[in-house]
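Biologist: I would like to learn how to read the places where parts of a protein meet. Please start with the terms, then take the case shown here.

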Amino acid sequence: MISGKTAGEIFEQIRAGMQSGGYLPGDTLPPVRELAVALEVNRNTVAAAYKRLIEAGFAESRGRNGTVIRALAERAAQEGSPPGLTLIDLAGGNPSVSLLPDLSRVLSQLPFRHRVYGEPAINPQLEHYGREWMGGDLPGPFSLSLTNGAVDALERLLTSYLIGGDRVVVEDPCFLSSINTLNNCRLNAVGVTIDEEGICAGELEAALMSGVQAVIITPRAHNPTGWGFSATRAAQIRDVLANYPQVLVIVDDHFSLLSTHDYYHVIPPQTRRWALIRSVSKILGPDMRLALIASDEESAQRLAMRINAGSNWVSHLLQDLTLAALQSAEIRSEISEARDQYQRRRGALNNALVNHGVTMSLKHDGLNIWLPLKYDSADLVRQLSTYGWLVRSGEVFGLDPKVNGLRITVADFAAHQVDVFARTLAQLLR
């Protein structure tokens, strides 16, 4: 039984009920009017308590269906495939291990010294490198920060500014880690359609008009689709965002040095809170958890406060290794070769599918190719598995139930396999 005369008391009563098991995920709270009459308080008092529950992430509003206790975020889909598969893995989303550079060569040459509390959070040489790398794609001054990878940067930036229940625009279909991060932070994802030129400007403006607090954008090599911004679409996005300077804009350029597409800046000068993230996990390997973040000064300060509350810095040993790898002429050559190999593998699969009559976009970048479908992909995925192929159902990446497709990872696609797979997929589609 809910009691209390103030919004705070009602809030605490319901939260205590959740903790004791009196309220379970999915339970509907009493209508505002009904509870206000029962407690002999103003409706606005109950409405304020419910609003606080929603903002704290304990409940969610379902319009006419009332206010419902929110479930904990379930363990969501992740990237990668289990080891020991008998199927040919086109589902994992991983870079090719054979194309990752051998870091032991530079690791053995690194001088070692202990770093202690009070030293700069960023190694000066890495900061200099990062400023040259990021500065070429930014039109004005910026602050530079480090986090333990791109997803870590997303989480820290979002929780530095937003509270539970806030709404964040993402592309639809969307990168799995972005969906999981928003769920874990009790933020609500607002999906905006993406096509082969990037996130759609008209839908983005509609979402911004509805009052979202942040936008996460992938400028190229979007996961799962492999699409990226055209110059025209980037200009349209800048124009749209310019009208909403209060919205936090995060650009996740995760594929950067491996991309075959140009980088188009989409953050207008009017935007007050912004960040451009570039990580090295796709370039140097998923275990290299380091990302550079160029941002406005306030966002950099908020990131620093979040990092200082934990480990105080990103491992200086990891910083040393990352800098040595990115400055190594031999490793830079291997990165260029990996970029060319990924491009050839994407092109080979694209051409083979088109030759077998499959209609699809030819503007892919990154590790994956996206094949849109007009129906749920589950049966097609099962049928492909009977022929020895493991691909990823596109529905897991979708926020809109109408998002259907296949994501095909090309990173380890051998040349002799391409036509066999394309012919099999074309036959099943027919």
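Modeller: Domain bounds are taken from an automatic or database domain assignment. Note also that this is a predicted model.

Biologist: Which domains does the assignment give for the protein?

Modeller: The assignment lists domain 1 (7–69), domain 2 (88–97 + 331–429) and domain 3 (113–328). Between the C-alpha centres of domain 2 and domain 3 the distance is 26 Å.

Biologist: How many residues of domain 2 and domain 3 are in contact?

Modeller: Contact means heavy atoms within 4.5 Å. On that basis, 27 residues of domain 2 touch 33 residues of domain 3. The two domains bury about 2500 Å² between them, with 62% of that area on carbon and sulfur atoms. On the domain 2 side, Asp365, Phe397 and Leu399 supply 26% of the area buried against domain 3, more than any other three residues.

Biologist: What does the rule find across the interface in the way of polar contact?

Modeller: There are 14 residue pairs in polar contact across the interface of domain 2 and domain 3, both residues of each pair at pLDDT 80 or more. One salt bridge is found across this interface as well.

Biologist: Where does the model leave cavities, and what lines the largest cavity?

Modeller: Rolling a probe the size of a water molecule over the atoms shows where empty space is left. Here the count is three cavities of 30 Å³ or more, and the largest cavity has a volume of about 60 Å³. Its lining draws at least three residues from each of domain 2 and domain 3. Among the lining residues are Gly93, His222, His254, Lys282 and Asp365. By class, the lining of the largest cavity has three nonpolar, seven polar and two charged residues.

Definitions and conventions. Residues are numbered from 1 along each chain as its sequence is written. This is a predicted model: local features need pLDDT of at least 70, side-chain atom pairs count only at pLDDT 80 or more; totals for chains, interfaces and linings use all residues. Side-chain values use heavy atoms; hydrogens and water are left out. On a 1 Å grid over the protein atoms alone, a cavity is a set of points where a 1.4 Å probe fits but cannot get out, and a pocket is an open set with protein on both sides within 12 Å along at least five of seven lines; lining residues have an atom within 4 Å of a point. Grid points are joined across faces, edges and corners, and a volume is the space filled by probe spheres set on the points. Ala, Val, Leu, Ile, Met, Phe, Trp, Tyr, Cys and Pro count as nonpolar, Asp, Glu, Lys and Arg as charged, and the others, Gly among them, as polar. Buried area is the accessible area (1.4 Å probe) that two parts lose on being put together, summed over both. A salt bridge is a side-chain nitrogen of Lys or Arg within 4 Å of a carboxyl oxygen of Asp or Glu. A polar contact is a pair of N or O atoms within 3.5 Å; within protein, one must be able to donate a hydrogen and the other to accept it, and residues adjacent in sequence count only if both atoms are side-chain atoms.
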